[in-house]
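Reader: Hey, I'm new to this one. Can you walk me through it?
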Amino acid sequence: MSILECRGLTKNYGQRRALNRVDITVEPGRIVGLLGPNGSGKSTLIKLCNSLLTPTAGTIRINGLAPGIETKSIVSYLPDVTYLNNWMRVSDLLDFFADFYTDFDRNKALDMLKNLRIEPHNTLKSLSKGNKEKVQLILVMARSALLYLLDEPIGGVDPAARDYILSTIIKNRKHAASVIISTHLIYDIEQVLDDVIFLKEGSVVLAETADELRRQCGTSVDMYFREVFRC
């Protein structure tokens, strides 16, 4: 069974169409790059999959289920904005996630915090923007989910930490779990991608394995992306 399947998925905001009859399939165990410029519909698609928005038309199935209460236990979601309260300590957030999600691994989270030199007793207010984003990613990846939806996970992170974060995404997931990474920073994540989905103005313009795209086009995913979305 596919971990994610969208058929004819459409989302309108008033007169503006953010997604236009999107058809995609994500198989278990794949790392997928959801790629496109700002305003292409990436965040809208991820929010629809996380049941934060309701489709105008079409269907979404996550492990055979429509997004909702039942899928919350198998989907781990990283939004593209910082949503945590500044007064909370990092350790408070670990307690919160451990209470809320039965699949949250506190020891795994503590190990990732240690490797990124973030102290659990620190408040979020005392952390830099980049470290706040690292904490959010750690909370998401410390869960044992079937599908990880990561919206711009490296956008505000310093280049020195990106390799560690990408290795964290790869290592801290079950073998059968899939990861969807929404980003426009293709060069930094290309090495970990199994599949790529290009979105342009709300429509899928390409859905292919990363290796097949390189073979057919004779270039990297990053260079092909730059060609497709050249201004």
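**Strands and their partners**

Author: S5 and S6 run parallel and are joined by four bridges. Strands here are DSSP runs of E with at least two residues, and helices are runs of H or I with at least four, numbered from the N terminus. Two strands pair if DSSP finds at least two bridges between them. This is a predicted model, where local features need pLDDT of at least 70, side-chain atom pairs count only at pLDDT 80 or more, and totals for chains, interfaces and linings use all residues. Residues are numbered from 1 along each chain as its sequence is written, and side-chain values use heavy atoms, leaving out hydrogens and water.

Reader: Ok, which residue in S6 is the bridge partner of Ser-76?

Author: That's Tyr-148.

Reader: And how many bridges join S6 to S7?

Author: Five, and S6 and S7 (residues 178–183) run parallel. In S7, Ile-181 is the bridge partner of Leu-150.

Reader: Is S6 mostly covered or exposed?

Author: Mostly covered: five of the five residues in S6 (147–151) are buried, meaning under 20% relative accessible area with a 1.4 Å probe, protein chains only. Leu-147, Leu-149 and Asp-151 point one way, Tyr-148 and Leu-150 the other.

Reader: Zooming out, what order do the six strands take in the sheet?

Author: The open sheet goes S5-S6-S7-S3-S8-S9, with mixed pairing. S5 (75–78) and S9 (203–209) stand at the edges with a single partner strand each, so one side of each has no neighbour in the sheet.

Reader: What about S3 and S8, how do they pair?

Author: In the parallel sense, over four bridges, with S3 covering residues 31–35 and S8 residues 195–200. Leu-35 stands opposite Phe-198 in S8.

Definitions and conventions
Buried < 20%, exposed > 50% of the residue type's maximum accessible area, 1.4 Å probe, protein only.
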